[in-house]
Amino acid sequence: MSLFAVFSICTVAKDAAGVAGNVFAFGLFVSPIPTFRRIIRNGSTEMFSGLPYIYSLLNCLICMWYGTPLISADNLLVTTVNSIGAVFQFVYIILFLMYAEKSKKVRMIVLLVAVLGVFAIILLGSLEIDDIQMRRFFVGFLSCASLISMFASPLFIIRLVIQTKSVEFMPFYLSLSTFLMSTSFFLYGLFNDDAFIYVPNGIGTVLGVTQLVLYFYFENKSRDSSREPLIVSYV
């Protein structure tokens, strides 16, 4: 097989993995919709926190910037998925602000301004770096760190599942979407030879597998225990 044929196969595989990652990421982006239905229905944010949407927005903006041709070559699918994600996070933040009490609203606005300020500094600062490789390393390191911390956030839920022996606080489809998206972009990064993509998504894949294994393990245990008789007779 010629080198050209191998390159063509890798390119097709990379693009297929990137498109799949975009599709599976959509499952993550729409996952907060039930929460916001409840917020709108009750007219209050109750005990919900807006921090995850603020943090997700920053993560999407940094990764979106990394995928542009000004930073890294041939990563358009990284830009598209994170652009869509940033729009979703903006919408969620606006809805949260509409229904939040005054103290939460002020805090959210301050954090939103801070996030936009941080992103502006990253964007303008990276453009000041003339060496394209150093620019890519600078933004890539930040996007990698951001992704790893985002994928590490379910560790709290994993610990909670183990402690409570219940999957009530770990929605199956959210865990599945995380696993599929991470795996897709892990393969995308490998085919594109981009460590700033395959390293954090490789970690996300491992954590996604962990969540799914725990889900099925404790779900099956819950089913088994539910079959036990409510009244035990001793003869």
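**Spans from the record**

I began with residues 77–99 and found that the span is 100% helix and 0% strand, with its end C-alpha atoms 34 Å apart. I note here that the model is predicted. I then took residues 52–71, where the chain is 75% helix and 0% strand. The end C-alpha atoms of 52–71 are 26 Å apart. Both ranges come from UniProt, where an unreviewed entry lists them under "transmembrane region". The other ranges in that entry are 23–40, 106–125, 137–158, 170–191 and 197–218.

**Leu70**

I looked up where Leu70 sits, and it lies in the loop between α3 (51–66) and α4 (76–99). Leu70 has 45% relative accessibility, so I logged it as partly exposed. I also checked its surroundings on the surface: Leu70, Leu124 and Leu127 form a nonpolar patch there. Together the three leucines have about 270 Å² of accessible area.

**Cysteines**

I searched for disulfides and got zero in the structure. Cys63 is in no disulfide, and the nearest cysteine sulfur belongs to Cys60, 7.1 Å away. A disulfide would need the two sulfur atoms within 2.5 Å.

Note on methods: Residues are numbered from 1 along each chain as its sequence is written. This is a predicted model: local features need pLDDT of at least 70, side-chain atom pairs count only at pLDDT 80 or more; totals for chains, interfaces and linings use all residues. Side-chain values use heavy atoms; hydrogens and water are left out. Patches are made of residues with over 30% relative accessible area and no salt bridge: like charges are joined within 9 Å, nonpolar side chains (Val, Leu, Ile, Met, Phe, Trp, Tyr) within 5 Å. Accessible areas come from the Shrake-Rupley method with a 1.4 Å probe; for residues, only the protein chains shown count as cover. A salt bridge is a side-chain nitrogen of Lys or Arg within 4 Å of a carboxyl oxygen of Asp or Glu. Helices (H or I, at least four residues) and strands (E, at least two) are DSSP runs, numbered from the N terminus. Buried means under 20% relative accessible area, exposed over 50%, partly exposed in between (1.4 Å probe, protein chains only). UniProt positions are given in the numbering used here, feature names are shortened, and annotations may be inferred rather than shown by experiment.
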